[in-house]
Amino acid sequence: NVPAIAALAKAVELSKKIDKAKIKKTRDSLIKKLENLGGKLNGSRENRIYNNLHFSFDNLDAENLIEFLSINKIYASIGSACETKKEDHILNEIGLKNIKNSLRISLYRTLTEKEENYIVKKIQLAMKKLKVWVDKYLN
């Protein structure tokens with residue numbers, strides 16, 4: 001399959017041009033900002049892929065958060081990238097038992113500080129709006 005081999009070669013070539021240190025710096029900045037909102041980093045702070053964040057937010061349903069963020073053009077996920085429909089064994093391995101309040105964000109290489117601040121602002125807004133909704137309709 002020559003086209004697939006050529007595509008793989010190009011992908012490897014492009015991956016060598018990624019500034020992983022820059023993305024890691026952005027990731028670490030975003031970690032601090034989300035912790036300031038009350039988020040808890042899941043997994044190791046040091047031993048993680050350079051472009052990945054995984055957070056838990058107490059009393060916040062991740063499905064609602066994901067929907068709110070997607071409306072605002074922020075795309076994230078629940079669980080780990082290796083998640084199965086039955087159980088997320090990766091998150092169980094790091095001691096996270098409840099993925100219902102967890103959020104995974106994978107950062108892309110061109111993320112700017114302005115976009116990073118937009119993410120934080122929208123998560124903060126979502127937390128306020130979703131708390132108001134829960135207090136009004138579920139309590």
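The model is predicted, so local features need pLDDT of at least 70 and side-chain atom pairs count only at pLDDT 80 or more, while totals for chains, interfaces and linings use all residues. Numbering runs from 1 along each chain as its sequence is written, and side-chain values use heavy atoms, with hydrogens and water left out.

**Stop one: helix α2.** Select residues 20-36. Helices (H or I, at least four residues) and strands (E, at least two) are DSSP runs, numbered from the N terminus. The expected span is 1.5 Å times one less than the number of residues; for the 17 residues of α2 that gives 24 Å, which agrees with end C-alpha atoms 24 Å apart. Now colour Ile-23, Thr-26, Arg-27, Leu-30, Ile-31 and Leu-34, the buried residues of α2. Buried means under 20% relative accessible area and exposed over 50%, with partly exposed in between (1.4 Å probe, protein chains only). After α2 comes Gly-38, with a positive phi near 100°.

**Stop two: the sheet.** Here 3 strands lie in the order β1-β2-β3, forming an open sheet with antiparallel pairing. Strands count as paired if DSSP finds at least two bridges between them; β1 and β2 have 2 bridges. Zoom in on Leu-41, which stands opposite Phe-55 in β2. β1 (40-41) and β3 are at the edges with a single partner strand each, so one side of each has no neighbour in the sheet.

**Stop three: helix α3.** Select residues 62-71, where Ala-62, Leu-65, Ile-66, Phe-68 and Leu-69 are buried. They span an arc of only 165° around the axis, which places them on the same side of α3. On the other side of α3, Glu-63 and Ile-71 are exposed. Just after α3, Lys-73 has a positive phi of about 65°.

**Last stop: the core.** Which residues have the most contacts inside the largest nonpolar core? They are Leu-34, Leu-53, Phe-57, Leu-65, Leu-103 and Ile-123, in a core of 26 residues. Such a core joins buried Ala, Val, Leu, Ile, Met, Phe, Trp, Tyr and Cys residues through side-chain atoms within 4.5 Å. α2, β2, α3, β3 and α5 each supply at least two of its residues.

Definitions and conventions: Arc of directions from axis to C-beta.
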